[in-house]
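Please examine the sequence and the three-dimensional structure shown below. The paragraphs that follow lead through them step by step.

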Amino acid sequence: MSSAVRIGIVGVGDFGRRHAAVAAALPEVQLVAVADRDRGRALTVAQELGCAAVGGIEELLAERAVDAVVIATPQHRHLADVRAAVEAGVPALVEKPVVSAGEEAQRLRELVAGSGVLVVPAHVSRFLPGVAQLRERLAIEPAVAVRAVRVVPVERLDMHGGEHPALVAMVHDLDLVRAVLPPDAELVDVSSVQSWTEPRRPHPQVVMAQLTFSDGSLASVENRWTLPHARQYIDARMEVTTRRWTAHLQTPSGGLRIATGAGDLLPDTDLEATVAGLPVGALATQLRHFAACVSAGRRSEVVDLEDGLWSVEVAARIAAQQPQR
Ligand SMILES: NC(=O)c1ccc[n+]([C@@H]2O[C@H](COP(=O)([O-])OP(=O)(O)OC[C@H]3O[C@@H](n4cnc5c(N)ncnc54)[C@H](O)[C@@H]3O)[C@@H](O)[C@H]2O)c1
């Protein structure tokens, strides 16, 4: 395969649309079609981006010649959508969490094992330049402790409040913990405290988890769905301690801060940034990397299915610790 990798995006809601826009703009990728069970939505996105619209993954795989798919449907659909892709022999980049609950993890493992089909979890944070550079340094000087804090706009609860926050947003931080700790550090224990700032919601808005690893390293992961405004999509910070240095990472990076009379603006320079119309943020780097793996028929050295399943399984344990009210 030498020309552009032909991609179909499955699910073009809030996040799939962003994948589609990146796919339409990258020269090494050809956006063939978008699939959504809401055909009107698929048609709108297809018209905007100049590709075909279909109703679902089966139609996409049957009617369009695609080299790979990006699955951005709601998490309860992921297993069925990955199954359709694997059975068609088509590589898939699957949004997080790769499956919706711990018991589905084994089914996904079995489905993919031995199929020879590339299935990559979309852990986009690993493609942030700061994270990639930090991992290179940690390969020389291992981490001994990690602290990750993520604050999400409270208004996003209307979209995601039906799921436990460990499975929605904390999976990013759990995956980052796995990405920065030594590869042989095995999880020994997970504990958490959780509380509600919005008592009518089914799941807590404040979750603080502690992870203990076999090599003695520790991680503290805190998620709060309490950001009182949506001027920022996310506010994520991470502190990584080694025996020689401590690294601080922030998303958005704060590299660009625009002060206005109404408060500071922090434009996204990390996730969806573009330069001269070309996407250069982590979402683009992730898709470029996936397309390169598909073209070369090789595995991803950045993230693999076990990484995606690890964070889901830890998140499911934290979700199961939700206190009684
Ligand atoms: N990586 C990130 O930072 C990030 C951020 C947001 C969401 N996500 C993930 O992206 C995925 C989608 O989330 P979202 O917020 O875009 O949800 P959403 O509800 O906005 O969009 C989902 C879309 O999938 C469509 N859909 C549902 N069932 C379908 C089916 N069977 N076939 C085809 N289309 C179907 C819906 O009509 C909808 O348009 C989730 O896994 C979520 O966790 C990741």
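Ala, Val, Leu, Ile, Met, Phe, Trp, Tyr, Cys and Pro count as nonpolar, Asp, Glu, Lys and Arg as charged, and the others, Gly among them, as polar. The model is predicted, so local features need pLDDT of at least 70 and side-chain atom pairs count only at pLDDT 80 or more, while totals for chains, interfaces and linings use all residues. Residues are numbered from 1 along each chain as its sequence is written, and side-chain values use heavy atoms, with hydrogens and water left out.

Rolling a probe the size of a water molecule over the atoms shows where empty space is left. A cavity is a set of points, on a 1 Å grid over the protein atoms alone, where a 1.4 Å probe fits but cannot get out, and lining residues have an atom within 4 Å of a point. The structure holds one cavity of 30 Å³ or more. The largest cavity contains about 50 Å³ of space, a volume being the space filled by probe spheres set on the points. Its lining includes Leu157, His160, Glu163, Arg201 and Trp225, and the lining residues divide into four nonpolar, four polar and two charged.

Attention now turns to helix α10. Helices (H or I, at least four residues) and strands (E, at least two) are DSSP runs, numbered from the N terminus. The expected span of a helix is 1.5 Å times one less than its number of residues; the 16 residues of α10 should therefore span 22 Å, and the end C-alpha atoms are 22 Å apart, which agrees. Several residues of α10 are buried, among them Leu305, Trp310, Val314 and Ile318, where buried means under 20% relative accessible area with a 1.4 Å probe, protein chains only. The buried residues of α10 pack against α5, β6, α8, β8 and β9.

Which residues form the aromatic pair? Phe213 and Trp310 do, and their rings are stacked, at 6.2 Å centre to centre and 20° between the planes. Rings of Phe, Tyr and Trp (its six-membered ring) pair if their centres lie within 6.5 Å, and planes under 30 degrees apart count as stacked. Because Phe213 lies in strand β9 and Trp310 in helix α10, the pair ties together parts that are 97 residues apart in sequence. Phe213 is buried, with a relative accessible area of 4%, and Trp310 is buried at 14%.

Strand β8 contains Ser192, which is buried, with a relative accessible area of 18%. Leaving aside neighbours within four places in sequence, Ser192 is in contact (heavy atoms within 4.5 Å) with residues including Met208 and Ile318.

Note on methods:
Phe/Tyr/Trp six-rings, centres within 6.5 Å; stacked < 30°, edge-to-face > 60°. Buried < 20%, exposed > 50% of the residue type's maximum accessible area, 1.4 Å probe, protein only. 1 Å grid on protein atoms, 1.4 Å probe; cavity = no way out; pocket = protein on both sides within 12 Å on 5 of 7 lines; lining within 4 Å.
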